[in-house]
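I opened this model to look up a few local features, going from loops to the sheet and then to the inside. These are my notes, entry by entry.

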Amino acid sequence: MSHFDTMETRSKDARNAAQLAALNTQLARVAAAPGACRIDRSALADLAGLAELPVLRKSDLSDWQKAAPPFGGIAVQNVAQVFQSPGPIYEPGGLGHDWWRLGRFLHATGIGAGDIVQNCFAYHFVPAGMMFDNAARAVGAIVFPAGTGQTELQVRAAVDIRTTAYAGTPDYLKVILDKAESMGATLSITRAAVGGGALFPSLRQEYADRGITCRQCYATADLGNIAYESDAMEGMIVDEGVIVEIVRPGTGIPVPEGEVGEVLVTTLNPDYPLIRFATGDLSAVLPGSSPCGRTNMRIKGWMGRADQTTKIKGMFVRPEQVAAFVARHPDILRARVIAGREGEMDMLTIRVETRATDPEAYAATVMDTLKMRGKIELVPPGSLPNDGKVIEDLRSYG
């Protein structure tokens, strides 16, 4: 299959140079914005300088939007639509070519001119429906804007129109297929582009058994496409219009390649500049590049949530507090807070990766950063699991 454009096969140096130029343009735009969203920072000399900039979290965006509706004072332009996601958070939408960059994903899924896409993402309030509508136009496909629900009518339309591709959540396609089977209807769908939920291997295999190639993307309402699968089926390839960092949860500090951490995304869309936006999701960088010929960085895909805030002994413990604890001691490599029970009492254990031998050396810092006492366990470097967790809740709620 041909690639969507030449950006997908650029050398690392060419991509870095282009992204640095686009990033500095974004920073200039953000520096000119009024209010809290402004970042006063001169042009970066290289992409590594991105790690020195502040992290933008959804809570920040919500506060900005309350102070300066609808977009919090961010220097948006070419806005054609306003969407509302849970929170509520408001996002702009544009009508430009492949504005959310999901056309790249549809192309990698094999959808293009000659296809009719049954778009079963919602068109109301949230942007998902428009995101995939825009993407289908970018690859020359026709769209049936089906939205969600009314499964019998979905089947009837799929038969009458002879839709060849599905766009929607991973599990709703099975609902349509099962309904079609019960109605004695034969569908023409051979490709499925899914997102917005987990695609379990068993479900993907069921679609394959029915002659449907199913691929998934990782996208959000704020950022558009972040990463997507190709036929190589080795992780997810990062989109060309974003810069992805994997950082230690609760911090903005990048982790080594292969270590699980929180996904931060900087979008290079000049219409809606978001710098180091924290998705709250966990992932890890895969080494090398995809066998499909696309040369951008790959990630493992969605690996859980980074927001591990947990209430212990009646008090919330947040990843930022664990990060603050680690930062106070240069000899600590990593740490994990573990919530457990002993009898009817909450117990706090903090497991510390270090070569030190005296747990009491950290007791005062635990109290200062976590605001409670806990049992300190010292473990050798490399002992903690590579799962991105800095807070683990072992209590049973059954």
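**Entry 1**

I found F125 in the loop between β3 and α4, where helices (H or I, at least four residues) and strands (E, at least two) are DSSP runs, numbered from the N terminus. I noted that this is a predicted model, in which local features need pLDDT of at least 70 and side-chain atom pairs count only at pLDDT 80 or more, while totals for chains, interfaces and linings use all residues. Residues are numbered from 1 along each chain as its sequence is written, and side-chain values use heavy atoms, with hydrogens and water left out.

F125 is not a glycine, and yet its phi is positive, about 65°. I wrote this down because most residues other than glycine have a negative phi, and most peptide bonds are trans. D98, in the loop between β2 and α3 (103-109), also is not a glycine and has a positive phi, of about 50°.

Is F125 buried or exposed? With a relative accessible area of 55%, F125 is exposed, whereas D98 counts as buried at 10% relative accessibility; buried means under 20% relative accessible area, exposed over 50%, and partly exposed in between (1.4 Å probe, protein chains only).

**Entry 2: cis peptide bonds**

I then looked up the cis bonds, and one of them joins P69 and P70, with omega about 0°; P70 has its place in the loop between α2 (58-67) and β1 (81-85). The bond from G87 to P88 is also cis, with omega near -10°, and P88 lies in the loop between β1 and β2 (89-93).

**Entry 3: the sheet**

I traced an open sheet of 9 strands in the order β4-β3-β5-β6-β7-β8-β9-β14-β13, with mixed pairing; two strands pair if DSSP finds at least two bridges between them. The edge strands are β4 and β13 (285-286), each of which pairs on one side only.

Which residues cover the two faces of β3? In this strand (residues 116-119), I116 and Q118 on one side and V117 and N119 on the other are all buried. β3 pairs in the parallel sense with β4 (residues 142-145) over 4 bridges, and I116 has I142 as its bridge partner there. From β3 the chain crosses through helix α4 (residues 128-138) to β4, in a right-handed β-α-β crossover; right-handed means that, with the strands pointing away from the viewer, the path from the first strand over the helix to the second runs clockwise.

β3 also pairs in the parallel sense with β5 (residues 165-168), over 3 bridges, and here Q118 stands opposite Y166. β13 and β14 (residues 298-299) run antiparallel and are joined by 2 bridges, with I299 as the bridge partner of V285.

**Entry 4: a buried serine**

I looked next at S230, which lies in the loop between β8 (224-228) and β9 (236-238). S230 is buried, since its relative accessible area is 2%. Which residues is S230 in contact with, leaving aside neighbours within four places in sequence? They are R215, I237, S290, C292 and R294, where contact means heavy atoms within 4.5 Å.
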